[in-house]
Amino acid sequence: MTNAAVVAMSNNCPDLVVFRLCIMGRHRPDRITGEPMDDGFGAIVKNCKKLTRLSVSGLLTDKAFAYIGQYGKLIKTLSLAFSGNSDLSLQFLFEGCTRLQKLEVRDSPFSDRGLLCGLDYFYNMRFLWMNSCRLTMRGCREVAQRMPNLVVEVMEEQNEDKVETETVDKLYLYRSLAGPRGDAPPLVKIL
């Protein structure tokens, strides 16, 4: 995939409501130029003004997320995989995508700092799912303490030693009128 191809798509299909581009492989750049895919995804959010769902993967830097935050004002559902280069990416999304309801993040370098920059926005969202990021139990507990009306679940991979690790494999944060679920399996810890 190339930036030029994604830009061409955005120019020729400005009425897109959903855009999903799954670039197979981790952190894949523009196939021809070797540059990040920032300009391609930037063009999608700039030119497709009706976009409500966006799924991105590939080599994306903070620049792409700045574009998404600046121009993706109608985005309600956002899925990220193998994307971003700092916690600033999440800050751009939380501050810019004011209608964001569902955020799924996989295999990205975001840490507790990025998670905590969303504190002012989580009550407006339906859920946040983060998998294989750089989150710690400490950061997840801080979210749970500062936002008691949200359910914060952390999931760990099978740990045969039954030792609590500081890193969190999966985080699921959501709103619930009924409160935390009572049927959580042993691998799920509700904070």
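Reader: Before the sheet, what makes two strands pair here?
Author: Two strands pair if DSSP finds at least two bridges between them. Keep in mind that this is a predicted model.

Reader: Fine. How many strands are in the sheet, and in what order?
Author: Eight. The order is E1-E2-E3-E4-E5-E7-E6-E8. The sheet is open, and its pairing is mixed.

Reader: Which strands stand at the edges?
Author: Strand E1 (18–20) and strand E8 (188–190). Each has a single partner strand, so one side of each lacks a neighbour in the sheet.

Reader: And the twist? What does it average?
Author: From one strand to the next, the twist averages 10°.

Reader: Take E3 and E4. Parallel or antiparallel?
Author: Parallel. Strand E3 (residues 77–81) is joined to strand E4 (residues 102–106) by five bridges. Lys 102 in E4 stands opposite Thr 77.

Reader: Now E2. Where does Ser 57 sit, and is Ser 57 buried or exposed?
Author: Ser 57 belongs to strand E2, which covers residues 53–57. Ser 57 is buried, at a relative accessible area of 4%. That counts as buried because the cut-off is under 20%.

Reader: What does the side chain of Ser 57 reach?
Author: The backbone nitrogen of Ile 23, at 2.8 Å. A polar atom of the Ser 57 side chain also lies 3.3 Å from the backbone oxygen of Leu 21.

Reader: Which residues does Ser 57 touch, sequence neighbours aside?
Author: Leaving out residues up to four places away in sequence, Ser 57 touches Leu 21, Cys 22, Ile 23, Phe 41, Ala 81 and Ser 83.

Reader: Switching to H3 and H4. What is the angle?
Author: About 5°, with the axes 8 Å apart. H3 and H4 are therefore roughly parallel to each other. H3 contributes Asp 62, Phe 65, Ala 66, Ile 68 and Gly 69 to the contact, and H4 contributes Leu 88, Ser 89, Phe 92, Leu 93 and Gly 96.

Reader: Last one. Which residues touch the most other members of the largest nonpolar core?
Author: Leu 54, Leu 103, Phe 122 and Met 130, in a core of 48 residues. Beyond residues up to four places away in sequence, Leu 103 touches several residues, including Leu 78, Leu 80, Phe 94 and Trp 129.

Definitions and conventions:
Residues numbered from 1 in each chain as written. Predicted model: local features only at pLDDT ≥ 70, side-chain atom pairs only at ≥ 80, totals over all residues. Heavy atoms only, no water. Helix = DSSP H or I, 4+ residues; strand = E, 2+ residues; numbered from the N terminus. Buried < 20%, exposed > 50% of the residue type's maximum accessible area, 1.4 Å probe, protein only. Polar contact = N/O pair within 3.5 Å; in protein donor to acceptor, adjacent residues only side chain to side chain. Contact = heavy atoms within 4.5 Å. Axes fitted to C-alpha atoms, helices over the stretch in contact; angles between N-to-C directions. Core = buried A, V, L, I, M, F, W, Y, C linked by side-chain atoms within 4.5 Å. Parallel < 35°, antiparallel > 145°, perpendicular 65-115°, else oblique.
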